[in-house]
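I opened my notebook to write down, entry by entry, what I looked up in this structure. The model comes first, and my notes follow.

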Amino acid sequence: MNTEKLKLTSSEIGSLWGEYVNGTATDVVNRYMFSIIEDEAIKAVFKDAIQTFENQKQQIKTFMENEGFPVPIGFNETDLFLGKQRLFTDAFCLNYLNIMTIHGLLGHSTSLSISVRKDLRDFFDSCVSDAKKMYHQTTELLLEKGLFQRDPLYYAYEQPQFITSQDFKDGYFGKGRTLSATEIISISLNLRKSIMAKTLSIAFSQVAQSKEVRKFLTDSGKTADGQIKALAKIMQADNLPVPKSLETEVSMSTDSPFSDKLMMYHMGFLFQAAQNYHGAGLASSMRTDLVTTYESTILQNLKVTKEWFDIMVKNRWLEQPPLAPNRSEIAKQI
């Protein structure tokens, strides 16, 4: 069978649609950061990221047009105001690209896993390769410039150990135990992502034009801050270091380089994407205090997402993805 003659499935169209909208939003931010970055090495990495997405965007458009689906509007030059006062330092820009590359790597991998048609599998496979290359580039540069804070180091046991007490899952009462290396994976990653979300909330709230948007951004920043403190408290109780904050990497500028629509969408994306990571953290946790912290965080993010959705719909900023045919409505037309 020639798989390239197969029509794209709903999941495949959905993955292309989502990759286009999310990609164009990040691309606008990347283009702004490229315009203000002074460090030549960091600037070169951003140039690569912009060119990589430009190539991917054209391929996504071709896939959708060949299937007869309209290409999403997404985000473009109308959402970018160049020549404004500098909002971020070079260090923050590099951290931003590193975190967004991690999001992209997960998104591309998910898209690849639900793709059947060979040309689409080949495309997403190349996207995964691009994201891996960008992750290596940004990580190496962060390490080179002393900007990457590594996760806590553990000391090796002489022999493998087995769980021998019910206290292993107790984070509140009894003897309890210190954090396991498998739990640190999600805690550390969630801390880094929440720190990024909080910092962007602060920066965006400084420059947002709408009072309603500004309030949402301020509130979402407080939500992220509370989540950071909850996870940091657990780490610090075991005398483990937490990733440093990035608030000082935001300038005092109140001159917006982005549309309110873009900033709102970006924050919504971060809080929705975070649910994947919080869910993974919940699934890998065996201490009761971690479980309750993740459950609380997930509920808080749902509340933020609900408020975000209401504002986006009210302002007609939220594009509708392709929907399944409504058979009842079709029947009424006969």
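I began with the word buried, which means under 20% relative accessible area, whereas exposed means over 50% and partly exposed lies in between, with a 1.4 Å probe and protein chains only. I noted that this is a predicted model, in which local features need pLDDT of at least 70, side-chain atom pairs count only at pLDDT 80 or more, and totals for chains, interfaces and linings use all residues. Residues are numbered from 1 along each chain as its sequence is written, and side-chain values use heavy atoms, with hydrogens and water left out.

**Entry on aromatic rings.** I took rings of Phe, Tyr and Trp (its six-membered ring) as a pair if their centres lie within 6.5 Å, with planes under 30 degrees apart counted as stacked, over 60 as edge-to-face and the rest as tilted. Searching the whole structure, I found seven aromatic pairs. The centres of F88 and F92 are 4.7 Å apart and their planes are at 20 degrees, so I wrote this pair down as stacked. F92 has 0% relative accessibility and therefore counts as buried, and F88, at 1%, also counts as buried. I also noted a cluster in which ring pairs link Y32, F204 and F258.

**Entry on V28.** I next looked up V28, which lies in helix α1 (residues 10-36); helices are DSSP runs of H or I with at least four residues, strands are runs of E with at least two, and both are numbered from the N terminus. V28 counts as buried because its relative accessibility is 4%. Leaving aside residues up to four places away in sequence, V28 touches F75, N76, D79, L80, F258 and L262, where contact means heavy atoms within 4.5 Å.

**Entry on two helices.** The axes of helix α6 (residues 211-237) and helix α8 (residues 288-314) come within 11 Å and cross at roughly 170 degrees. This makes α6 roughly antiparallel to α8, a label for angles over 145 degrees, while those under 35 are roughly parallel, 65 to 115 roughly perpendicular and the rest oblique. Axes are lines fitted to C-alpha atoms, for helices over the stretch in contact, and angles run from 0 to 180 degrees between N-to-C directions. Among the residues that make the contact, I listed F216 and L231 of α6 and D289 and W308 of α8.
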